[in-house]
2 protein chains.
Amino acid sequence: MGDYRKLWSDLGMDLEKHDQLCAVLPGLFSDTYLNQENRPDGMNYFNFVFSEVHGLRIQELDEHKKKGGKVIGTFCVFVPDEVIFAANAIAVGLCAGSQFWVEDGEKVLPRNLCPLIKAFMGAKLSGTCPYFESCDMVIGETTCDGKKKAWEILDEYVPVHVMDLPQMKREKDYKMWMDEIKIFISKMEELTGNKVTVESLKEGIKIANAKRRALKRLSDLRKHKPSPISGLDVLLISQIAFNDDPIRFTEKLNELCDELDERVKNSSTSDKKRILITGTPMAIPNWKLHSIIESLNADVVVEETCTGTRYFENEVSEEGDTIEDLIKNLADRYLNINCACFTPNHGRTDDIIRYSKEYDADGVIDCNLSFCHTYAIEHNEVEKALRENNIPNIHIETDYSTEDSGQIKTRVEAFLEMI
Amino acid sequence: MGDYRKLWSDLGMDLEKHDQLCAVLPGLFSDTYLNQENRPDGMNYFNFVFSEVHGLRIQELDEHKKKGGKVIGTFCVFVPDEVIFAANAIAVGLCAGSQFWVEDGEKVLPRNLCPLIKAFMGAKLSGTCPYFESCDMVIGETTCDGKKKAWEILDEYVPVHVMDLPQMKREKDYKMWMDEIKIFISKMEELTGNKVTVESLKEGIKIANAKRRALKRLSDLRKHKPSPISGLDVLLISQIAFNDDPIRFTEKLNELCDELDERVKNSSTSDKKRILITGTPMAIPNWKLHSIIESLNADVVVEETCTGTRYFENEVSEEGDTIEDLIKNLADRYLNINCACFTPNHGRTDDIIRYSKEYDADGVIDCNLSFCHTYAIEHNEVEKALRENNIPNIHIETDYSTEDSGQIKTRVEAFLEMI
């Protein structure tokens, strides 16, 4: 990694504390990723991006800002990147995946709260996330009580605009969501000084769709038996998708997929169990569950999560002649995401069953971050549906600490033996 | 208590399990309530109602049902009773306040969840709440993730209609809430076969307003030093307000207030500390915190909670000539409630500061049920506002078990010594 200390210092970061983070991350990455055997060559790009995640990409953001551009931080797959692209701003996912930030988050948040929320708050409060420090605005959403209320505190440190996501999917909720997208467009126009036009929004939609298509292509490749790529590698790619330049990312991912196309032609057999993971998102560098599963005789072949299928399934229609048309297209695609924040949310169980078949999964691990009420309660419905379809499954609730890793490994091991 | 075993049996209740509940409740009530000194005579009515809470009132519901009437269960101060009254149905608050039901609730819900939600689920699953068993429909709302998702499970056992409460208070959110009230009216008309007319809705509004006025009158009496009534007694009255016949309740409460009017004329002095409680609701028979506080040298003089001021503050305007007018009046009053489910919710901190002054509170106890994210996170803002106003305060998070009672008592004792 180059020397970015001046850049970090200019951003107002806490260099000393950030050094502590930089001291542990490469080792964790190396232990988790670089020891894997037979990785595709195309992963080198993603390894590089990760190694430069607090460096080169931040420098790109800095250059964009120096030219008057804006940087928008997001945390959720419901915030339409298309609008951010259309306003010529850069969208970045914010730091939220490490135990490193939890303690600082607990200074202003209750301990009985999802680690993702505590981590993003701690990342901001401790000044150790260069993405946060590069942000001109953070876009929140009302997908859960924890985040909804945490934005109020975060807003004291960085401007936050909250999109009110409907909690149901009735006709009137679609209209309400279109309205929220309109408000979001105005907000972006105001912040960037750039008008969102039919052309620029269509261009934004095209960029986002191309990225979705590449991620879907990667996902489809995992249907091969054995999957030509580890679940860990796909997870890393998904996490990087939230921060990298979308056009470059898409190009590099398609190159990797070209390589994987060749791989599957010459694939051998494998006795590894095929696992579908469903549940809450895994923000970088949360590789805990994949790492445990793939250290055993199993491959993660699909993730029905926000860092999985929910992020890339279904494209936004590019048809339409007015902003109104395009907003409707956006609302249609985004409200089609089956998040546990909706009531009811039967679409998610349908998805899990469908993916289990499409990816020929031997079992499902329903995993949610601790204290995530929506996913934890929805497990009841998920479990019932899987049982009715004779799909073996277990439920894991965990946070970012490593304290329960041994216990989870034992449970997953027993599960793999059973299926 | 009379013999209601046939009635309970006809309702399909689990008599054996219900007997276990009946075996402990009177003792708990007697220890908490009947040992208080110098109680107003007017409390006899409320003692009686409590002693008959699973008896005489259930018989009344039964008689109403035999005449073709409907019974509607609710859990939240956002569900407009006025509409239920207008459809000639009876509104009852449902069982949700005892540890007795938690274990059964945990059979289908995660343990890391608010005890109120686990308790109502357990009360239904165990068949030990005669109100639940008398209900033709339960009206849920989207005030928190826990309840929002729990309705989905509850709906498997009793029909549930969910009102989608907006999460903000912008102009468009008022319109959305009016829309939800309209849907609720249709639902009630469909269920009861009774049309909600301008006249019947106005009558419903009058009944609810009269009840609010009586509760406000009681509350205002507590501004006297010393308060002419214990916080425990007021809590019981508030809890009964959710289940008793509203017209009789109002009449009896006004009689009690007449007696208290006389009391305050002859009041002595008191060195007891005056405490404002703010936070989450206290469902019957959750008397834990009041009981601890008033066992020490202190009086609870006001509750900024859903079983306190949020339930009765602000009346619904009775003006208007159309259903649309009245729905707007309802929306105005209900969206004026400052629940932590809204973002932002500065109105609540304003209320707490204002009440602290109006009731001359010596200190504030901000208390939320375990795992209640919205109130737990909002504590950050509450604490800051109280500190800026030099109002001493502590934060308590607790559930329905008695395990932490000793610890809470020690903390409250230290707090009272400090203020």
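How much area do chain A and chain B bury between them? Keep that question in mind as you look at the structure, which is a predicted model. The answer is about 3,500 Å², with 51% of it on carbon and sulfur atoms.

Let's start with how the chains are arranged. Two copies of a chain are related by a rotation about an axis and a shift along it.

Now look at the contact itself. Chain A and chain B each bring 43 residues to it. In chain A, Lys149(A), His373(A) and Ile377(A) supply 19% of the area buried against chain B, more than any other three residues. The interface also holds 12 salt bridges and 27 residue pairs in polar contact. On the side of chain A that touches chain B, the elements giving two or more residues are helices H9(A), H10(A) and H18(A). H18(A) gives the most, with eight residues. Sorted by class, this side of chain A has 19 nonpolar, nine polar and 15 charged residues.

Side chains of opposite charge can pair when their charged atoms come close. One pair that reaches from chain to chain is Lys172(B) with Asp179(A), at 3.6 Å from N to O. Over all chains, the count comes to 92 salt bridges. Some of them join into a network, in which Lys149(A) and Glu152(A) are linked with Glu304(B), Arg310(B), Arg348(B), Asp366(B) and Glu378(B).

Is Arg348(A) buried or exposed? Arg348(A) sits in helix H17(A), residues 346-358, and counts as buried because its relative accessibility is 0%, where the cut-off is under 20%. Its contacts include Glu304(A), Arg310(A), Asp366(A) and Tyr375(A). The side chain of Arg348(A) also makes a polar contact of 2.9 Å with that of Glu378(A).

For a contrast, turn to helix H13(A). There, Glu255(A) forms a salt bridge with Lys252(A), with 3.9 Å between the closest N and O atoms. Because the two are three residues apart in this helix, about one helical turn separates them. Glu255(A) is partly exposed, at 41% relative accessible area, and Lys252(A) is partly exposed too, at 26%.

Finally, visit helix H7(B), residues 115-125. This helix is mostly covered, with 10 of its 11 residues buried, among them Leu116(B), Phe120(B) and Met121(B). What covers these buried residues includes helices H6(B), H8(B) and H9(B), along with strand S7(B). Just after the helix, Gly127(B) takes a positive phi of about 60 degrees.

Definitions and conventions. Residues are numbered from 1 along each chain as its sequence is written. Chains are lettered from A and ligands numbered from 1 in the order in which they are written. This is a predicted model: local features need pLDDT of at least 70, side-chain atom pairs count only at pLDDT 80 or more; totals for chains, interfaces and linings use all residues. Side-chain values use heavy atoms; hydrogens and water are left out. Contact means heavy atoms within 4.5 Å. Buried area is the accessible area (1.4 Å probe) that two parts lose on being put together, summed over both. A salt bridge is a side-chain nitrogen of Lys or Arg within 4 Å of a carboxyl oxygen of Asp or Glu. A polar contact is a pair of N or O atoms within 3.5 Å; within protein, one must be able to donate a hydrogen and the other to accept it, and residues adjacent in sequence count only if both atoms are side-chain atoms. Helices (H or I, at least four residues) and strands (E, at least two) are DSSP runs, numbered from the N terminus. Ala, Val, Leu, Ile, Met, Phe, Trp, Tyr, Cys and Pro count as nonpolar, Asp, Glu, Lys and Arg as charged, and the others, Gly among them, as polar. Buried means under 20% relative accessible area, exposed over 50%, partly exposed in between (1.4 Å probe, protein chains only). Lists of a residue's contacts leave out its neighbours within four places in sequence.
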